Structures are given as structure tokens and as C-alpha cells.
Amino acid sequence: MAGFALHKNTVFDWNGAEYRIARLQPNGELLIERVADGCLSIVTRETMLNEYGEGNVSAKRSQLTIRDSAPLFSRPLDELSESVRCEALRRRRYIEHILGQGAPVFTATYLKPLIEQAAAEMGDDTPPSATSVYRWFRRYRSTHDTRAMIPRTDLRGLKKSRQNDRILQLVSEAVEEAFKVSPQASVPTIYTKFLAKLEAENARTSRNEEIKPFTMRTLYRLLARVGAYEIALLKESKAVADNRFRIGKTGAKTSRILERVEIDHTPLDLFLIDEKTWLPLGRPTLTVIIDHYSRMLLGYYLSFDSPSTAAVMGALRHAILPKNPATAVMPSLKTENRWPCYGLPEVLVVDNGLEFHSNDLESVAYDLGIRIQYCPNHEPRFKGVVERYLKTINYFFAHQLPGTSFAKFYLRGDYDSQKAALMTFAEFNHIFEKWLLDIYAQDRHRGINTTPWARWHEGISHYEPVLPDDLRTLQRRIGLVAERSLRRDGIFLNGIRYSSDELGPILRAFDEGVKVRVVYDPEDLGEIQVWGPNDAEPVAVKALDYEFAKGLTVKQNEFIRQQLREQGLAAVDRIALERARSDLSRSIEELMTNRKHVARRRSAALRGISSSKPSGSETPIKKADTAELPKPQKLKSPKLSDQGSEPTAPDIITSFQLKRNSGESE
């Protein structure tokens with residue numbers, strides 16, 4: 001190659017500017033000229049060589065001005081074919097033989113004997129002409145690079161399509177339409193659509209201007225020139241194509257624990273069963289919050305309801321508070337390590353789900369001093385830590401348990417997930433925390449090059465997590481938020497009336513009808529927190545019918561109110577309320593034993609089964625109402641009716657509990 005040398009007229013690049021060596025001084029200094037404006041300056045040889053050693057100076061390749069010149073081959077020479085390498089070596093030996101005889105004279109009389117001598121030495125039966133040798137030498141002299149003698153056979157042929165622009169436009173339209181119909185569209189399908197478009201185009205033009213169709217083989221060649229990104233763009237979508245062909249870079253960086261936490265939901269790839277009926281309830285929804293610095297799980301919330309603000313609040317509450325071990329429903333399975341994570345996060349990274357754009361979360365985050373950071377639409381990589389963690393839970397934990405539904409339906413084969421399910425909600429909580437603390441947290445994490453357990457304890461030695469002032473303060477801050485008007489008879493929320501003497505100062509200061517801020521726990525409607533317009537701290541107000549509202553979930557309350565509306569009662573009295581409560585219990589038990597999986601999942605949501613209440617919060621039935629209920633009976637297998645082959649539904653039961661060992665019912 002030509003290289004870089006301190007010769008006169010050498011052109012080089014110095015810190016982005018192009019220079020030329022104008023003169024070599026006798027004392028070793030260089031007079032250089034800046035090509036852009038002709039500015040002259042003097043530098044020493046040592047300075048220039050030091051700049052070259054620092055990487056600031058690089059040789060500027062001279063641009064070939066020869067008419068028949070081709071770009072130099074710049075890739076590794078081992079990529080050349082054997083025939084091309086042999087030809088390049090042959091040309092070089094001819095040039096070296098001629099230059100070895102002294103200064104060449106490029107005439108046929110002078111070159112012909114030298115070419116014949118070189119051909120005899122190499123055993124070349126077809127020596128080149130003097131003109132060819134001169135052309136090789138001219139390319140070599142203009143570049144001072146032996147690679148100029150490599151024949152560029154790869155540049156031969158027409159690189160531009162012979163088809164006119166209109167035909168290429170019709171092909172593009174045919175390809176786009178074919179892939180819209182099916183991402184697996186074949187070339188024959190595209191060719192058929194192209195011919196139809198071409199026929200319609202020719203019908204609108206005169207016979208002399210008609211476009212002749214090309215063959216299907218030409219279409220194959222045209223599509224072969226389309227890049228992989230464009231194919232993915234046509235087959236799927238821009239978001240998928242951008243994600244598939246994006247360049248992976250370093251994600252967000254954190255320097256301590258709780259600096260950045262990420263939250264997300266996922267349907268768990270596992271069927272859980274009802275601890276009362278032993279029937280599969282369905283796949284619960286898991287909400288997790290993970291610390292970006294240590295990769296430790298801060299908290300989670302598991303329920304049979306859809307992703308909601310209530311799930312976000314439950315997970316956030318669990319993440320902030322110090323953890324108690326899960327109920328040990330299996331005495332033989334002991335968790336060796338405690339859960340050390342707690343504290344208020346600085347930044348909560350969320351996606352654009354509706355539950356994350358609610359006023360409830362923004363209000364709670366403001367009260368607790370948490371900053372919410374939203375990811376761009378359809379860009380899950382901006383919270384890649386929690387996305388990868390959810391995949392780890394499903395693939396390396398849930399898929400190893402009986403009753404797994406797998407991530408892809410075709411992986412199931414003949415495996416019946418619902419028949420194989422045998423874990424209750426409480427058992428799953430116990431096993432999940434065992435896996436989380438004794439397996440996941442103790443294994444080396446590739447992203448941090450250590451274990452999450454060690455990384456958390458390293459982080460806690462430099463930063464002490466911050467908690468709210470007290471548990472009561474946290475309970476006042478985390479929950480669903482609503483705005484209500486204060487009246488003399490109290491506050492109505494979700495059809496329940498709340499009133500106490502603590503509301504008196506607000507009423508006397510602002511009169512009736514003033515708007516107040518209300519925070520309530522979606523899993524317990526017994527008490528609410530009320531802020532007056534100028535209050536710094538809320539007051540706790542209990543429901544007037546506290547016995548009814550205590551432990552009642554929002555979903556259960558909605559069911560009861562719906563039953564009352566359907567009964568058409570003009571006023572809600574105590575008898576009607578208890579009757580609706582009894583209807584709720586009956587409906588839940590009917591759903592529990594229903595043959596349909598959707599109904600059993602709905603029963604789990606109505607009973608309020610979640611990670612904070614593994615057994616649910618089913619409403620009890622008054623003794624006075626139990627006389628109207630059918631007696632408990634054993635669950636029978638479906639039988640065929642006498643009239644046909646339709647199976648009869650099992651008898652509706654009120655409550656029973658199977659014993660795993662004996663198989664008896666109580």
C-alpha cells in the first residue's frame with residue numbers, strides 16, 4: 001500500500017483538515033500548506049511523527065483521475081477467488097521484471113522482449129500486450145499500491161435495473177399488497193398481482209406504448225436486491241423491523257439501589273387451583289417491581305384480575321414495606337434467606353398502559369416523592385430489566401411446575417395444563433418466594449456479574465433506604481384516589497356512606513358541597529382517608545356500616561350493587577343488603593364449581609384472591625339466611641341424561657373442603 005511518508009507534495013489529514021507538504025527544509029522542518037485556504041505553517045519532523053503516533057495524522061489517498069480506473073480492492077485479500085489472486089500475482093511479476101531492468105521506456109519495441117522474458121520465466125503461454133502492461137503500471141504509479149493491479153471483475157456488468165420506473169412502481173405495489181394479505185406471500189403470488197396491475201396499466205395506454213411483462217425469474221432477481229429490513233417492514237410492521245435490526249447499546253446506568261425501579265405485568269404461564277373445590281381457577285396476573293441496580297425483586301402483586309391501578313398500588317405497597325415471610329403452607333419447604341428489600345424508589349419506570357396513566361398513580365407518586373418515567377410507545381427495551389425478569393419467571397420457574405401452560409401453544413403437545421394443575425394460590429406464594437430468595441437471588445446474574453443478593457447488600461452499605469414516617473403514613477398515601485363532595489350526611493363512595501366527627505372542621509370551614517380528596521384501599525372499603533382543601537394530613541373516616549364494608553373489595557362491592565340494581569330496589573335497606581351479600585356468596589360458589597374455566601377465574605376475582613390475601617376475602621353468610629340455601633353435597637362427576645348425550649351439570653354446593661390424603665369431603 002502507499003502509506004504515509006514525509007515527502008514533498010504528500011497530502012495528509014490532520015485533525016480533520018487536509019494538508020500538503022509544500023517544502024522540506026534543510027534543518028528537518030516541514031513547510032505545510034492547508035489545502036482549504038492555502039495557510040502556510042512550519043512544523044518539525046518530531047511533531048509530525050508524534051501526531052501520527054497519537055492517531056491525529058492519516059494519509060490522504062490520492063484520487064485516481066485515469067479514465068479507466070476502478071476503486072482499489074480494500075477488503076481482505078483472502079476473500080478473492082483463486083483465479084483473481086493468480087491474475088493479480090501474474091501482473092505484479094510482469095511489472096517487477098520490467099522495473100528490475102532500470103527506468104522503463106513504455107514503447108512496444110522496449111517492452112516486448114522484456115514481456116517475453118518474464119513469460120518464459122513464469123511459464124505463461126499467453127503473455128500480455130505492451131498496452132496492457134502500460135495500463136497496469138499506470139494504475140500502480142498513480143496509487144503506489146500493489147492492490148491497484150487486482151482485476152475488479154466483481155464490478156463488471158450492469159448494476160442498475162433495466163426495468164423502467166413505472167414497472168418498478170407496479171412491482172412495489174404488487175409486493176406491498178401481497179404482504180398485506182399474508183406475511184408468507186410467495187413470489188408466484190406477487191407475480192400474479194403484478195401481471196394484473198400491468199394489464200390494467202396497458203388497458204389505459206395506446207398499443208404502441210404498452211409495457212411488455214418480464215418473466216418470473218426477473219422478479220426473483222429484483223426481490224433478491226431488496227434488503228432484509230425492507231422485507232421485515234413489508235411482512236410485519238415498522239416497529240418490529242426497527243426492533244429486529246436495531247443496534248444494541250448500553251442501557252440505563254445506575255449507581256445505587258432504589259435509584260431506578262421498573263414495573264410491569266404479565267399473565268403467569270401457570271394454572272392454579274381453588275383450595276376449596278380443587279378445580280383450576282386459571283392463570284393469574286403477576287405485577288412485579290424490580291430494582292435496576294441490584295436486579296433484586298422489590299415487591300409483587302398476584303391476582304386473578306386484569307392489570308389495574310389496584311395491582312400497581314398493591315405491588316408498590318409491597319415493594320416499599322419491609323417483608324414478612326410468606327405463610328409456610330408446606331412445612332417441609334423452608335426459605336433459608338430473608339427478603340432484605342424495602343424503601344422508597346427515586347424513579348419508577350412504567351410503560352403506557354392505562355393503569356400507569358391514572359390520576360391515582362400520579363397522586364400517590366407525588367405524595368411519596370417518586371418520579372414517574374414513561375417509556376416511548378411500543379419500545380419495551382427502555383425497561384428491559386423488568387421485561388427480561390418476567391421472561392425469567394415464566395421460562396425458568398413457572399414452566400417447571402405442574403400445570404404450566406407454556407409460552408407457546410405448540411409446545412404443549414398432548415400436555416393438559418388444567419388437568420395437571422395442583423398448586424393453590426397460597427402454595428404458589430410460598431414456592432415463588434422460595435425460588436426468588438434461595439435460587440434467583442443467589443445465582444450469578446450475567447447483567448451485573450454477581451448475585452442480586454450480594455449486589456443489594458453491597459448497595460445498602462453505601463445507601464440506606466428511606467421509608468415513610470410510619471406505616472400509617474404509607475397507608476394514607478397508597479391507594480385509589482377520588483374526589484367527592486362533602487355533605488352533612490358524610491361522603492358517598494362506591495355506594496357506601498362514610499361519616500365521622502373528624503369531618504366537622506372541614507364542613508364548618510368550607511360549608512356543604514366542598515370538594516375533598518379521598519384515598520381508599522381497593523381491597524378494604526371499611527375506611528377511607530379524607531383531605532380537606534387546606535389540610536396537610538388526612539383524617540381517617542370509617543363507613544357507617546363498618547361491619548359490612550370491612551374487608552370488602554371493590555369488585556365484591558360492584559357485584560353487590562349490581563344485584564341490588566337488578567332487583568329494582570328503590571332504597572338500600574339492611575335486609576336487601578344482606579340478601580345481596582348472600583347472593584354474592586351463592587354466585588361465587590356456583591362459579592367455583594362451574595364447568596367453564598372463565599367462570600371459575602371470575603369467582604377467584606370476586607373472592608379477592610391475591611398475593612396479599614391468598615385465601616381471598618369471601619363474604620360470610622348470615623345464619624338467618626342459611627336456611628334458604630341447599631345442603632352441602634359431594635361433587636359428582638357429570639352424567640349423561642336419559643334424553644341425549646348432553647352431560648348434566650354437577651350439583652351446586654355451598655362449601656366443602658377435600659382432604660388430599662383421604663379424598664373425603666366435609
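**A walk through the predicted model**

N557 is buried, with a relative accessible area of 4%, where buried means under 20% relative accessible area, exposed over 50% and partly exposed in between, with a 1.4 Å probe and protein chains only. The structure is a predicted model, in which local features need pLDDT of at least 70 and side-chain atom pairs count only at pLDDT 80 or more, while totals for chains, interfaces and linings use all residues. Residues are numbered from 1 along each chain as its sequence is written, and side-chain values use heavy atoms, with hydrogens and water left out.

N557 belongs to helix α19, which covers residues 554-567; helices (H or I, at least four residues) and strands (E, at least two) are DSSP runs numbered from the N terminus. When residues up to four places away in sequence are not counted, N557 touches N494, I496, L525, F548 and L552, a contact being heavy atoms within 4.5 Å.

Of its 666 residues, buried ones make up 41%. Among contacts between residues at least 6 apart in sequence, 63% join residues that are at least 24 apart.

Helix α11 (residues 359-368) shows how buried residues of a helix can be followed to their partners. In α11, the residues D360, L361, S363, V364, A365 and L368 are buried. An α-helix has 3.6 residues a turn, so residues three or four places apart point the same way. The buried residues of α11 pack against helices α10 (309-320) and α16 (471-477), and also against the strands β11 (347-350), β12 (371-374), β13 (480-485) and β16 (515-521). Just after α11 comes G369, which takes a positive phi of about 75°.

Two pairs of helices can be described next. The axes of helix α2 (residues 82-99) and helix α3 (residues 108-122) come within 10 Å and cross at roughly 125°, where axes are lines fitted to C-alpha atoms, for helices over the stretch in contact, and angles run from 0 to 180 degrees between N-to-C directions. α2 and α3 are therefore oblique to each other, since angles under 35 degrees count as roughly parallel, over 145 as roughly antiparallel, 65 to 115 as roughly perpendicular and the rest as oblique. The crossing of α2 past α3 is right-handed, a term for the near helix being turned clockwise from the far one by less than a right angle, with left-handed for anticlockwise. On the α2 side the contact is made by R90, R93, Y94, H97 and I98, and on the α3 side by L111, L114, I115, Q117, A118, A119, E121 and M122. These residues divide into 8 nonpolar, 2 polar and 3 charged, with Ala, Val, Leu, Ile, Met, Phe, Trp, Tyr, Cys and Pro counted as nonpolar, Asp, Glu, Lys and Arg as charged, and the others, Gly among them, as polar.

In the second pair, the axes of helix α5 (residues 165-181) and helix α6 (residues 187-203) come within 8 Å and cross at roughly 130°. That angle makes α5 oblique to α6, and α5 passes α6 in a right-handed crossing. From α5, the residues R166, I167, L170, V171, E173, A174, V175, E177, A178 and F179 meet I190, K193, F194, K197, L198 and E201 of α6. By class, this contact of α5 with α6 has 10 nonpolar residues, no polar ones and 6 charged ones.

K8 lies in the segment before β1 (11-14), and K8 is exposed, with a relative accessible area of 55%. K8 and I21 are 13 residues apart in sequence, and their C-alpha atoms are 5.3 Å apart in space; leaving aside neighbours within four places in sequence, K8 is in contact with I21, A22 and L24. In the loop between β1 and β2 (17-24) sits N15, whose phi is near 55°, a positive value in a residue other than glycine. N15 is exposed, with a relative accessible area of 56%. D511 lies in the loop between α17 (504-510) and β16, with a phi near 75°, which is again positive in a residue other than glycine. At 52% relative accessibility, D511 counts as exposed.

C39 counts as partly exposed, because its relative accessibility is 38%, whereas C375, at 7%, counts as buried. A disulfide is a pair of cysteine sulfur atoms within 2.5 Å, and by this rule the count comes to 0 disulfides.
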